[in-house]
Amino acid sequence: MNRFPVSIVKYVGILLFIGILFSSCKEKEQESSIITITGNYKIPNVPKWAENAVFYQIYPQTFYDSNGDGIGDLKGIIQKLDYVKSLGVDAIWINPFFESPFADAGYDISDYYKVAPRYGTNEDAKQLFAEAHKRGLHVLFDFVASYTSMEHPWFKASARQDTNKYTNWYIWTDNVWKNPPAEYASDFIKGYGERNGQYMRNFYYCQPALNYGFALPDTNYKWQLPADHPDILNLKEEMKNVLRFWMDMGADGFRADMAGALTKDANVVGNEQFFNTHVNATKEFWRDIRNLLETEYPDAFMVSEWSYPIDALDSCFHVDFFHWFNGYNDLFQKEDWRILNGFSEGHSFFDIEGKGNITEFLTNYMEQYNATKDKGYICLPLGNHDNARLCNNRSDKDMEIIYAFGFTMPGVPFIYYGNEIGMRQLPTSWPQVEGAYRPRNGARTPMQWSSAKNLGFSTASAEKLYLPVDTAKDAPNVATQEADANSLLNKTRKFIELRHTEPSLANYAEFVPLFAKENTYPFIYARANNNDVVLVMLNPSGNNVEASFEISTDFSSTKVLAGDTLNIEHNGNTVSVSMPGQSYSIVKLIR
Ligand code: GLC
Ligand code: CA
């Protein structure tokens, strides 16, 4: 028996029909909605020199070896500053060059105030800053504030049985036999030193967390100190002195390592600390630092490795690296064999196979961008020392399309050394030195300067090198690419130049996505600066694709600034474009 009277079934049916009709109208409406490009923007409050800056990241151990011991050094960087300048970049970020036992490649600092002998001396650092400034380059150092090496004298003192100045500078439980609360279990190490307790690590076991307190100390655990405990305030003052020391030496600012992971929050532990801590006390610390800079070093720039721009920029950083999230991987390294960390599968958008998806990235990005664009910048790094090389089974053409994206997105571009010539990800079977487990080892190999011995990196014998150099016969190198106007190196230079000369490609200019659909190519967006409008059209896939969208801006023709000359038609507000496989175009709208 039918439980529902026929009339109700009919009624529901009609409603459903209207619903479908309505939703399909809505879809049509969305499809045909005209996207407004205003050209409006606000330049965030950053030092003038950084408003439109492009950065180059230097990994000191593998950039250039000036004394033939097999390891890069600060004098080596000085010798290559003219090259760096020739790229057209404005500034450099150098990974840690401080005294360290190098269990995490120098991120495990044992003396904040001293250059590691393998890199040179404090005098060399001073000279490096001065030589960079002579060339109009600015330099950021790596500020590792969230932990030290276990070899640091502060930690050694804190591990003693007696109570001393450093007892509370690290996080120790008060009974080695009693485990910390379950949520922290994997973060504590027991059995080190004379002290009766377990210490908290921030990353590797040898990187004990400095104590910035607990957001909500659990009163059952007396060792959880509040963030304003006097000993913690002392530590914070000391970290400010570290900062002043390098600023006085000539640095122009810093990149803050694991910036979000200072004050602890029981709900956010382990790697989650990179991007998931929203703790106010951590933000307060960085706001304090920003105040310090503004009063003492008003030209200084601060960049965070937080990967949650909404929090980082709220903490007053000028820029946040936004790469520890799935959307970044969706762009460049979604495949398990590409990211090599054992936690991913799928397809990158920037891949010739054309199986990627841009929307996961864009949704995350827009959430952060819309909330932060007036305050500071987002950086989508073009590679770094913690990820596989972008050039991981990619051709120069693939790389060019990636750079057409990377150098036309808003925010501050950072390009990792060697990526400008397309240095490749090297085998995971290579030595995993100094905490460089895959994919890091394959991305930290020596810079390839020429086809000479050790590809021009060092005069040492091959077995003395920090990591082997690329052994491929066709390994890219600077010298060869200098001589070729069409090389990736020279194309990278052109992109950087374009970013500096084209008003609508400035770091702060407006960004408007125009065509970005799930599992679909191409990806098209506008950048605009008042009346200047540029369209960026990207088809990394090997397939011919078409797109059409509607924009508010009226134009008569287009001028190609870089890339391919495409068949672009426009009819009223509708713009249609067809793109061959592996093509891109950056075009200016002519009114
Ligand atoms: C940052 C560094 C990385 C290091 C980690 C812990 O993520 O970029 O290289 O291993 O912090 O120090
Ligand atoms: Ca050296």
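Which residue lies over the face of W449? Select W449 and look above the ring: the residue is K80, at 4.1 Å from the ring centre. The model on screen is a predicted one. A second contact of this kind can be found by selecting Y417, where R389 lies over the face of the ring at 4.6 Å from its centre.

**Stop 1: the calcium site**

Select ligand 2, the calcium ion, and then D65, N67, D69, I71 and D73. These residues coordinate the ion at 2.2 to 2.4 Å. D65, D69 and D73 each give OD, N67 gives OD1, and I71 gives its O atom. Along the chain the donors follow the spacing D-x1-N-x1-D-x1-I-x1-D.

Now colour by accessibility. Is N67 buried or exposed? With a relative accessible area of 52%, N67 is exposed. D73, at 3% relative accessibility, counts as buried.

**Stop 2: aromatic pairs**

The structure holds 66 aromatic pairs. A pair of rings is described by the distance between centres and the angle between planes. Begin with W49 and F301, whose ring centres are 5.4 Å apart and whose planes stand at 65°, so this pair is edge-to-face. W49 is in the loop between α1 (6–31) and β1 (55–58), and F301 is in strand β9 (residues 301–304), so the pair ties together parts 252 residues apart in sequence. W49 counts as buried at 15% relative accessibility; F301 is buried too, with a relative accessible area of 0%.

Next select F349 and Y521. Their rings are stacked, with 4.4 Å from centre to centre and 5° between the planes. F349 belongs to the loop between α10 (336–339) and α11 (359–372), and Y521 to the loop between β13 (510–515) and β14 (523–529), so this pair ties together parts 172 residues apart in sequence. Both residues are buried.

The peptide bond from Y521 to P522 is cis, with omega near 0°. P522 is found in the loop between β13 and β14.

**Stop 3: an aromatic cluster**

Select F97, F98, Y113, F141, F143, Y212, F245, W246, F254, F285, W286 and F317, which form one aromatic cluster. F143 counts as buried, at 1% relative accessibility. For a sense of scale, draw a distance from the C-alpha atom of F143 to that of G346: the two are separated by 34 Å and lie 203 residues apart along the chain.

**Stop 4: the cavities**

Rolling a probe the size of a water molecule over the atoms shows where empty space is left. How many cavities of 30 Å³ or more does a search of the whole structure find? The search finds five.

The largest cavity has a volume of about 110 Å³. To reach it, select D104, F203, D257, D386 and R440, which lie nearest its centre among the 14 lining residues. The lining of this largest cavity divides into six nonpolar, one polar and seven charged residues.

The second largest cavity has a volume of about 80 Å³. Select C379, L380, G406, M409 and P410, the closest to its centre of the 13 residues that line it. β11 (377–379) and α12 (396–406) each supply at least two residues of this lining. Which classes make up the lining of the second largest cavity? Eleven residues are nonpolar, two are polar and none is charged.

**Stop 5: backbone details**

Most residues other than glycine have a negative phi, and most peptide bonds are trans. Besides the cis bond at P522, select R438 and P439: the peptide bond between them is cis, with omega near 5°. P439 sits in the loop between β12 (414–416) and α13 (440–443).

Then select F102, where phi is near 60°, a positive value in a residue other than glycine. F102 lies in the loop between β3 (98–99) and β4 (111–115), and at 12% relative accessibility F102 counts as buried.

End at L455, where phi is near 50°, a positive value in a residue other than glycine. L455 lies in the loop between α13 and α14 (478–482). At 13% relative accessibility, L455 counts as buried.

Terms used: Residues are numbered from 1 along each chain as its sequence is written. Chains are lettered from A and ligands numbered from 1 in the order in which they are written. This is a predicted model: local features need pLDDT of at least 70, side-chain atom pairs count only at pLDDT 80 or more; totals for chains, interfaces and linings use all residues. Side-chain values use heavy atoms; hydrogens and water are left out. On a 1 Å grid over the protein atoms alone, a cavity is a set of points where a 1.4 Å probe fits but cannot get out, and a pocket is an open set with protein on both sides within 12 Å along at least five of seven lines; lining residues have an atom within 4 Å of a point. Grid points are joined across faces, edges and corners, and a volume is the space filled by probe spheres set on the points. Ala, Val, Leu, Ile, Met, Phe, Trp, Tyr, Cys and Pro count as nonpolar, Asp, Glu, Lys and Arg as charged, and the others, Gly among them, as polar. Helices (H or I, at least four residues) and strands (E, at least two) are DSSP runs, numbered from the N terminus. Donors are N, O and S atoms within 2.8 Å of the metal (3.2 Å for Na, K and Ca); water is not among the atoms, so sites may look incomplete. Buried means under 20% relative accessible area, exposed over 50%, partly exposed in between (1.4 Å probe, protein chains only). Rings of Phe, Tyr and Trp (its six-membered ring) pair if their centres lie within 6.5 Å; planes under 30 degrees apart count as stacked, over 60 as edge-to-face and the rest as tilted. A charge sits over a ring if NZ of Lys or CZ of Arg is within 6 Å of the ring centre and within 35 degrees of the ring normal.
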